[in-house]
Amino acid sequence: MRMSRRGYLNAPIATEERTYYTVVGANNAGVRAQLFQIQGDVITPTENLVHQPPGPCLAVSITPDAKYMAAVVSGQAPYVSTYSRSRDTLTQIELDTPASTLSRVCAMAADGTLAILANNMPSLVMYKPEAGKFVRMPVPTFNFWGRTLTISQSGDYLAVDCGSKEFRTFKRTVDGYVAMAIPASFPMITCNAMALSGNGDRLVIGCDTSNQFYTYTRDGDAYKSKGSMSLTRQSKVVSLSMTADGMYIAMVFEANPFLVPEVHRWDGSHYIRVKQFGSDASYTKCSFSPDGRYLSFIRNNAPWHAVFRRDGDDFVSLTLPQTEVQYASACAFSNVVTR
């Protein structure tokens, strides 16, 4: 049993039956998004969405309480589908003034704030739930075509890749989001993947041009570098997920052809690798539950989805039920929820 500098206990997580939800997006023509309920080691698919996304899912996101879910859709407007949950049922809700162009990625905060990165201007689009629908929020001028973004669980901090060897961070105020200072320590890189801790005090970035991995901590209204690390895998990080307390991060690498994903744990000054997973598939996406109890991966071959329960630094593979989800492309996890 290990106590970190930040006071989090690295102990096995009890397996009493608490309910979590995970959502999986897919490229197949039938079921394009599926919600699963998880209790202990039992995974159960819920009823299929009555209103499936109109096209293949590129990305999905779900709030920690599983109250809201969003899916980025390829090839058909509207390019984002939004839902609200009542027990095990997701019901589509209106997206006011939807983005008029294909989107790439989405991220949701605990209060339902939804950030979307689109292919054309304005590339950063944001919404908030209000009066039974998602309404457009004012956002800073953002004249870049980026690859990825991340929002803290608190909704107070946002990081966005600019696609031109730089990235930006934003802080929420009463009037919306404002740009934060750009420290000299920010590298000139294009980001493949980014993740923020729950309160935005830690930011991690996977680089597009090398196997470098960058860590930052927030000091007031600025992020300061904690250094970079050359990963043992000689490949780019293409997907990152961080637990809300910032203690664990999962990372997926560019397939070459079978590079196994890893989990790293914060040891007080930097991240150290504690787990490598099997090499029987190409992995493409990863998602931790905010409390770190569960971790899911998307794979390039069947079974398309993998779920693990964390027990300290160990991960127990869970049995997946038979579903209609094929060619999975994205995944997201809630926290423990009240049904």
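A nonpolar core is a set of buried Ala, Val, Leu, Ile, Met, Phe, Trp, Tyr and Cys residues joined through side-chain atoms within 4.5 Å. Buried means under 20% relative accessible area with a 1.4 Å probe, protein chains only. The model is predicted: local features need pLDDT of at least 70, side-chain atom pairs count only at pLDDT 80 or more, and totals for chains, interfaces and linings use all residues. Residues are numbered from 1 along each chain as its sequence is written, and side-chain values use heavy atoms, with hydrogens and water left out.

**View 1. The largest nonpolar core.** This core holds 27 residues. Val204, Leu240, Val263, Leu295 and Phe297 touch the most other members. Elements giving two or more residues include E18, E22, strand E24 (262–266) and strand E27 (294–299); strands (E) are DSSP runs of at least two residues, numbered from the N terminus. E23 gives the most, with 6 residues.

**View 2. Contacts of Val204.** Contact means heavy atoms within 4.5 Å. Leaving aside neighbours within four places in sequence, Val204 is in contact with Ala193, Met194, Ala195, Phe213, Tyr214, Thr215, Leu240, Met242, Ile249 and Tyr271.

**View 3. The largest pocket.** A pocket is an open set of points on a 1 Å grid over the protein atoms alone, where a 1.4 Å probe fits, with protein on both sides within 12 Å along at least five of seven lines; lining residues have an atom within 4 Å of a point. Its volume, the space filled by probe spheres set on the points, is about 1,100 Å³. Of the 47 lining residues, Val105, Cys106, Leu149, Met194 and Leu240 are the closest to the centre. E10 gives the most to this lining, with 6 residues. The lining divides into 29 nonpolar, 14 polar and 4 charged residues. Here Ala, Val, Leu, Ile, Met, Phe, Trp, Tyr, Cys and Pro count as nonpolar, Asp, Glu, Lys and Arg as charged, and the others, Gly among them, as polar.

**View 4. Ala59 in strand E6.** Ala59 lies in E6 (residues 57–62). Ala59 is buried, with a relative accessible area of 8%. Not counting residues up to four places away in sequence, Ala59 touches Ala70, Ala71, Val72, Arg104, Val105, Cys106 and Ala330. The C-alpha atoms of Ala59 and Cys331 are separated by 7.4 Å, although these residues are 272 apart along the chain.

**View 5. The second largest pocket.** The volume of this pocket is about 210 Å³. Its lining includes Phe36, Trp304, His305 and Gln322. The lining residues divide into 7 nonpolar, 3 polar and no charged.

Key:
Helices (H or I, at least four residues) and strands (E, at least two) are DSSP runs, numbered from the N terminus. Buried means under 20% relative accessible area, exposed over 50%, partly exposed in between (1.4 Å probe, protein chains only).
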